[in-house]
Amino acid sequence: MAEVGGIGCGCRGVSGGTFFHPGGFSSQSCFLEQRTRSNRSFFRNVSYVPSFKRGRLITKRSSVAGNSRIFSMDAREKSRSFVLVSSKHKKVPVYVMMPIDTFGIDASGCPIIKRLKALTVSLKALKLAGVHGVAVEVWWGIVERFCPLEFKWSLYEELFRLISEAGLKLHVSLCFHSNMHLFGGKGGISLPLWIRECYEDFMLSFSTKFEPYFGNVIEEIGVGLGPSGELRYPAHPSGDGRWKFPGIGEFQCHDKYMMEDLMAVASQEGKPQWGSRDPPSVGCYNSFPSGVSFFEEGHDSFLSDYGRFFLEWYSGKLICHADAILAKAADVLRRRQEEEKSSVMLVAKLVGSIGGYYNTALRDGYDPVASVLSRHGAALHIPCLDMADCETPEKYLCSPEGLLRQIHDVSKKRTIQVTGRNTSERFDQMGLRQIRENCVQPNGETVRSFTFFRLNEKIFRVENWNNFVPFIRQMSADM
């Protein structure tokens, strides 16, 4: 089932005119925006957010998908954040993400920190360059590797101590996924060897173990919500060659539990036939939307009653997942901070690729996601801060800058902060300049922080270091 795919963002010159784009750029989204422009009279007859009886799906007020609540899209809703402050910063703190191969598994099967001496020297160099902090991935598959409720924090105790002694701050990402695909199956960190449950136990153990770091060293905590830590379905697998940009990807709802849920919701809507099949004619991983009937006008298109029902259910399941995980994380963090009077920002990572958001020219797919984040006091983390419209091939009809405008608009509406990172490794002056420009909006608002993706030996090459250090100092000065 093709999920609107590629790497998503707004259509060129249009803010928010995309279909399903949690991220960078999507040929599909732009195709639909073009169709919107050329068929205004047709689209005027399509309701902005469709209502289904008994309020089972997203409406302008509220709805339920499956057995879970999907939150109101009322613009008056205020954030419950206990750490939220103004986003009008004159400086943007820069974190540098640790190398992908920071950790390894030794011959006995035990996790280790690799190249410890070189890492120590690198941390000191980053501090001297003016870097604010380091982003560290805390892997579930390392800490609770062998059996449930047996937490091994020694590696992270050592790493956090090194970072703190170097005078750097911490952005911690709690990773409930694997990165084995990045190593071709020969290395990397797998999921725990025993099961795939117990988020809350892990977060409680982390907050207890590293309580002294909260507020003074650990400033941000990201919570993994899906593949690569991002809130998305695994709709565009790039590790095995099945998908490549800008293909539309595929829907990911074929397992028996998703299909049972779809059938139940469809039956409750009085349309059991809607729950017994996939959307027809949706293409495959590398299709373009042109010529794929589900993404055009027609009886079973995304504009039909069935199409809207399916997309609201599909995106609703993703939003409910985010709500469940963030509720646990926010509760753990809130209790810890109330006890210690410290301030740590909770962060949720959205995506630079199509992963299940119901985002069209007629419906802001980021708004219900931002509403969930707002309710739990979480900041929104977005990639692609290095991308420019002029660097995107014309044939893709993409606008990463348009996406960023949409993200900033919805974050302002929902009173949440925005953090972000680059998608591609950039050391050239043009790429670093684009990052600076994307970090600051025309009204003077800035992202809360920026994470450089990521630390490796290339950063210390003379030509790269000579560009990187001025970039850090410019980000640390009044922008």
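Is Ser281 exposed, partly exposed or buried? Select Ser281: with a relative accessibility of 49%, this residue counts as partly exposed, given that buried means under 20% relative accessible area, exposed over 50%, and partly exposed in between, with a 1.4 Å probe and protein chains only. Before moving on, note that this is a predicted model, in which local features need pLDDT of at least 70 and side-chain atom pairs count only at pLDDT 80 or more, while totals for chains, interfaces and linings use all residues. Residues are numbered from 1 along each chain as its sequence is written, and side-chain values use heavy atoms, with hydrogens and water left out.

**The whole chain**

The protein has 479 residues, of which 57% count as buried. Among contacts with a separation of 6 or more, 77% are between residues 24 or more positions apart, a contact being heavy atoms within 4.5 Å.

**The core and Phe450**

Next, select Val138, Tyr156, Phe160, Phe206, Ile218 and Phe450, which have the most contacts inside the largest nonpolar core, a set of 110 residues. Such a core consists of buried Ala, Val, Leu, Ile, Met, Phe, Trp, Tyr and Cys residues joined through side-chain atoms within 4.5 Å. Helix H8, residues 305–340, gives the most to this core, contributing 14 residues. Centre the view on Phe450 and show its neighbours: leaving aside residues up to four places away in sequence, those that Phe450 touches include Val92, Pro93, Val94, Tyr95, Leu385, Ile435, Cys439, Phe471 and Met475.

**Helices H11 and H12**

Now display H11 (residues 429–439) together with H12 (residues 462–476), whose axes come within 10 Å and cross at roughly 15°; the axes are lines fitted to C-alpha atoms, for helices over the stretch in contact, and angles run from 0 to 180 degrees between N-to-C directions. H11 and H12 are therefore roughly parallel to each other, the class for angles under 35 degrees, as against over 145 for roughly antiparallel, 65 to 115 for roughly perpendicular and oblique for the rest. To see the contact itself, select Gln429, Leu432, Ile435, Arg436 and Cys439 in H11, which meet Asn467, Phe468, Phe471, Gln474 and Met475 in H12. The residues of this contact divide into six nonpolar, three polar and one charged, with Ala, Val, Leu, Ile, Met, Phe, Trp, Tyr, Cys and Pro counted as nonpolar, Asp, Glu, Lys and Arg as charged, and the others, Gly among them, as polar.

**Loops and backbone geometry**

Most residues other than glycine have a negative phi, and most peptide bonds are trans. Against that background, return to Ser281, which lies in the loop between H7 and H8 and has a positive phi near 50°. Then go to Leu149, in the loop between H4 and H5, where phi is again positive, at about 65°; at 56% relative accessibility, Leu149 counts as exposed. Pro148 lies in the loop between H4 (140–143) and H5 (154–165) and, at 42% relative accessibility, counts as partly exposed. Draw a distance from the C-alpha atom of Pro148 to that of Asp201, 53 residues apart along the chain, and the separation is 9.2 Å.

Two peptide bonds complete the tour. A cis bond with omega of about 10° joins Phe245 and Pro246, and Pro246 is found in the loop between strand S8 (218–223) and helix H7 (256–268). The bond from Phe453 to Arg454 is cis, with omega near -15°, and Arg454 sits in the loop between strand S12 (449–452) and H12.

Technical notes
Helix = DSSP H or I, 4+ residues; strand = E, 2+ residues; numbered from the N terminus.
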